[in-house]
Amino acid sequence: MRAEIIAVGTELLLGQIVNTNAQYLSQELAAIGIDVYFQTVVGDNMNRLQEAIRLASGRADVVLLTGGLGPTQDDLTKDALAAVLGRELHEDRLSMDKIEGFFRNRGVEMTDNNRRQALTLEGATPLANETGLAVGNGLEQDGKYYVVLPGPPKELIPMFETEARPWLLQHALQGEQLALYSKMLKFAGIGESALETKLLDLIDSQTDPTIAPYAKEGEVTIRLSTKASSESEAMVRLNSTEVQIQQRLAEYLYASEDVPLEKTLVDWMIRDGLTLSAAESCTGGMLMEHITSVPGSGSVLKGGIVCYSNEMKEKLLNVPHHYLEGENSPGAVSREVAQVLAEQVRMITDSDYGLSITGVAGPAFSEHKPVGLVYIAIAQREQETQIYELRLNGNRETIRLRSVKSILYRLWRCLVANQGA
């Protein structure tokens, strides 16, 4: 069964509000076996809204409209739908009682335009609004199903869960549809194109489950999806495909759920009672920000130092002066300095792992070294320090973020290696 979501509101077109409702509804509809084929955003204009409804009615079985249910003259959703379907509008008595009680209890005079929020299409099922005043609607006509929901997420989500979803299950689905089940695989240390190349034959021949890669800075996600009559049936298929992918990409697959790499690391280190510390130059605290964004990280991160200047590298972390300055010095952006930073911050904090980042984030050369040259290091108790040279592309912010993601990936690889040792 195909669905289209029509989000109504000029503020959405202007970018003043982000349309999070479409994401929520798409996920919820897929979970009950309704596939969203189209998402439309239309402004508060009667002609364009009616045109959008007609178009959606011609290509979808289920049309969900969000927004435009308020009391003002530019709240046109029910008026437009009534005009397209040739139905009258009338006040829903229960909804009107709630609206009148709302104003009466607050000692505020109700203006007449608030009656618009109680309007219901002729023959429609009123959908109660637990957290707001505007009533929703559920309606079937000519084999098409229409659901009208308010725009504010705090009203839309409860209405969908308690009113609209049960209405759809009863009227539109009647137990015929297979639910969509998905599993997310998370990868680090590999780009989207390289990952896709390693899985190209699986992707090209995919039928069920489907394999869809998505990339964001420093991480790649694969979504496996299948339709099934039960979760257990779906998991058999999803797990089988996951095993095939894991056999090819085990060194990059850090989680089988949609979590960031830093959470995987923090959870792992909490479980094993491990600690870390960090010395950051070009990233300016971004590494520690990623770690501390995870609840519980206080028992993992013992501390850190943002040693942006050479003076602070020397004074706080005992980097030898001749490493930093002089005709033949390796300079602040070097393997030697990265190693000292990692080892010193680990010893100063008495942590299990010391991490360091030093590099040229841009926009200009530093120490006659190119933008994107970064050194990261990981020092461990009683083990040789690991140092990596990175050649990163992008603007200043991208280089900083990629540096952080790179060292988090290398730390994960250390934990994996130590677990198997």
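1. In this predicted model, Asp352 is in contact with Gly273, Leu274, Thr275, Arg346, Ala379, Gln380 and Arg381, once its neighbours within four places in sequence are left aside. As for its place in the chain, Asp352 lies in the loop between helix H14 (335-349) and strand S15 (353-359).

2. Is Asp352 buried or exposed? Its relative accessibility is 17%, and because the cut-off for a buried residue is under 20%, Asp352 counts as buried.

3. Two of the residues in that contact list also deserve a look for their polar atoms. The side chain of Asp352 reaches the backbone nitrogen of Thr275 at 2.8 Å, and the side chain of Asp352 also makes a polar contact with the side chain of Arg381, at 2.9 Å.

4. A separate matter is the packing of two helices, H3 (residues 46-59) and H4 (residues 77-85), whose axes come within 9 Å and cross at roughly 55 degrees. That angle is why H3 is described as oblique to H4, and the crossing in which H3 passes H4 is right-handed.

5. Which residues of H3 and H4 meet? From H3 the residues are Met46, Leu49, Gln50, Ile53 and Arg54, while from H4 they are Thr77, Asp79, Ala80, Leu81, Ala83 and Val84. Sorted by class, the contact of H3 with H4 has 7 nonpolar, 2 polar and 2 charged residues.

Note on methods: Residues numbered from 1 in each chain as written. Predicted model: local features only at pLDDT ≥ 70, side-chain atom pairs only at ≥ 80, totals over all residues. Heavy atoms only, no water. Axes fitted to C-alpha atoms, helices over the stretch in contact; angles between N-to-C directions. Helix = DSSP H or I, 4+ residues; strand = E, 2+ residues; numbered from the N terminus. Parallel < 35°, antiparallel > 145°, perpendicular 65-115°, else oblique. Left-handed = near helix turned anticlockwise from the far one by under 90°. Contact = heavy atoms within 4.5 Å. Nonpolar A, V, L, I, M, F, W, Y, C, P; charged D, E, K, R; others polar. Buried < 20%, exposed > 50% of the residue type's maximum accessible area, 1.4 Å probe, protein only. Polar contact = N/O pair within 3.5 Å; in protein donor to acceptor, adjacent residues only side chain to side chain.
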